[in-house]
Amino acid sequence: MTTSASVPADSTGTTVGGGSVTDRLVDANRKYAAEFTDPGMDARPVLKVAVVACMDARLDLHAALGLELGDCHTIRNAGGVVTDDVIRSLTISQRALGTRSVVLIHHTGCGLESLTEEFRHDLEMEVGQRPAWAVEAFRDVDQDVRQSMQRVRTSPFLLHTDDVRGFVFDVKTGLLREIDPA
């Protein structure tokens, strides 16, 4: 597996050899765009599936799930937790863009397992304002997947809640383990 980790960035976001990480990304985009051809797709996913997953950089969802460009909607956040904003995105995905299935993917070794809601208090003390959002920290990844499945299945905004499945991705083996919703 090839990663960008071989070109590390320091704490300021400067890569070894100069330039910011963002500069490197913009340069890479120019190379990509030079060879880009419009695939002629619209925003409707071919497989009619939305995948909700953690933002963890170790999860290459397309590779892990055998997906191609245009196959799915991908919604990512810290923990892959089903929040109000995830419900918003899923509602648009289903009602405006035709998805029917929802796949939830959490993973082993998630950073949210080491946080608590005290994180919000610490932020409030530092910046003088308490965040409006919950951290959604958890100790049991399986139970958190079950909770996320339940949030999807009980949302009044979602039309299609019969095909909602949850998984834990093992960051050491690359395997998915399905979680029983009960």
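Which pattern does the chain follow, read along the sequence? The pattern is α-β-α-β-α-β-α-α-β-β. That makes five helices and five strands in the chain. Helices (H or I, at least four residues) and strands (E, at least two) are DSSP runs, numbered from the N terminus.

**Before you click**

This is a predicted model, in which local features need pLDDT of at least 70, side-chain atom pairs count only at pLDDT 80 or more, and totals for chains, interfaces and linings use all residues. Residues are numbered from 1 along each chain as its sequence is written, and side-chain values use heavy atoms, with hydrogens and water left out.

**Whole chain**

Show the C-alpha trace. Along its principal axes it spans about 50 × 50 × 35 Å. Colour by accessibility next. Of the 182 residues, 33% count as buried. Buried means under 20% relative accessible area, exposed over 50%, and partly exposed in between (1.4 Å probe, protein chains only). Now turn to contacts, meaning heavy atoms within 4.5 Å. Of the contacts with a separation of 6 or more, 60% are between residues 24 or more positions apart.

**Stop 1**

Select serine 101. This residue sits in strand β3, residues 101-107. Is serine 101 buried or exposed? Serine 101 is buried, because its relative accessible area is 17%. Display its side chain together with that of aspartate 163. The two side chains make a polar contact at 2.5 Å. A polar contact is a pair of N or O atoms within 3.5 Å; within protein, one must be able to donate a hydrogen and the other to accept it, and residues adjacent in sequence count only if both atoms are side-chain atoms. Beyond residues up to four places away in sequence, serine 101 touches Lys48, Val49, Ala50 and Asp163.

Step across to lysine 48, one of those partners. Lysine 48 lies in the loop between α1 (21-35) and β1 (49-54). Check its backbone: phi is near 55 degrees, a positive value in a residue other than glycine. Lysine 48 counts as partly exposed, because its relative accessibility is 43%.

**Stop 2: the cavity**

Select Leu59, Asp60, Leu61, Ala64, Leu65, Ile105, Phe169 and Leu176. They line the largest cavity. On a 1 Å grid over the protein atoms alone, a cavity is a set of points where a 1.4 Å probe fits but cannot get out, and a pocket is an open set with protein on both sides within 12 Å along at least five of seven lines; lining residues have an atom within 4 Å of a point. The structure holds one cavity of 30 Å³ or more. The largest cavity contains about 30 Å³ of space. Grid points are joined across faces, edges and corners, and a volume is the space filled by probe spheres set on the points.

Which helix gives the most to this lining? Helix α2 (residues 61-65) does, with three residues. By type, the lining has seven nonpolar residues, no polar ones and one charged. Here Ala, Val, Leu, Ile, Met, Phe, Trp, Tyr, Cys and Pro count as nonpolar, Asp, Glu, Lys and Arg as charged, and the others, Gly among them, as polar.

**Stop 3: the pocket and glutamate 136**

Move to the largest pocket. About 250 Å³ of space lies there. Its lining has 14 residues, of which Asn77, Val81, Thr83, Ala134 and Glu136 lie nearest its centre. Eight lining residues are nonpolar, three polar and three charged.

Zoom in on glutamate 136. This residue is in the loop between α4 and α5 (141-153). Glutamate 136 is buried, because its relative accessible area is 17%.

**Stop 4: the cysteines**

How many disulfides does a search of the whole structure find? The search finds zero. A disulfide is a pair of cysteine sulfur atoms within 2.5 Å. Cysteine 72 is in no disulfide, and the nearest cysteine sulfur, that of cysteine 54, is 16 Å away. Cysteine 72 is buried, with a relative accessible area of 12%.

Then pick cysteine 110. Its sulfur is 4.2 Å from the closest cysteine sulfur, in cysteine 54, so the two are too far apart for a bond. Cysteine 110 counts as buried at 6% relative accessibility.

**Last stop: leucine 123**

Finish in helix α4 (residues 118-127), where leucine 123 lies. Leucine 123 counts as partly exposed, at 22% relative accessibility. Leaving aside neighbours within four places in sequence, leucine 123 is in contact with Gly128, Gln129, Pro131 and Trp133. The C-alpha atoms of leucine 123 and leucine 159 are separated by 37 Å, and the residues are 36 apart along the chain.
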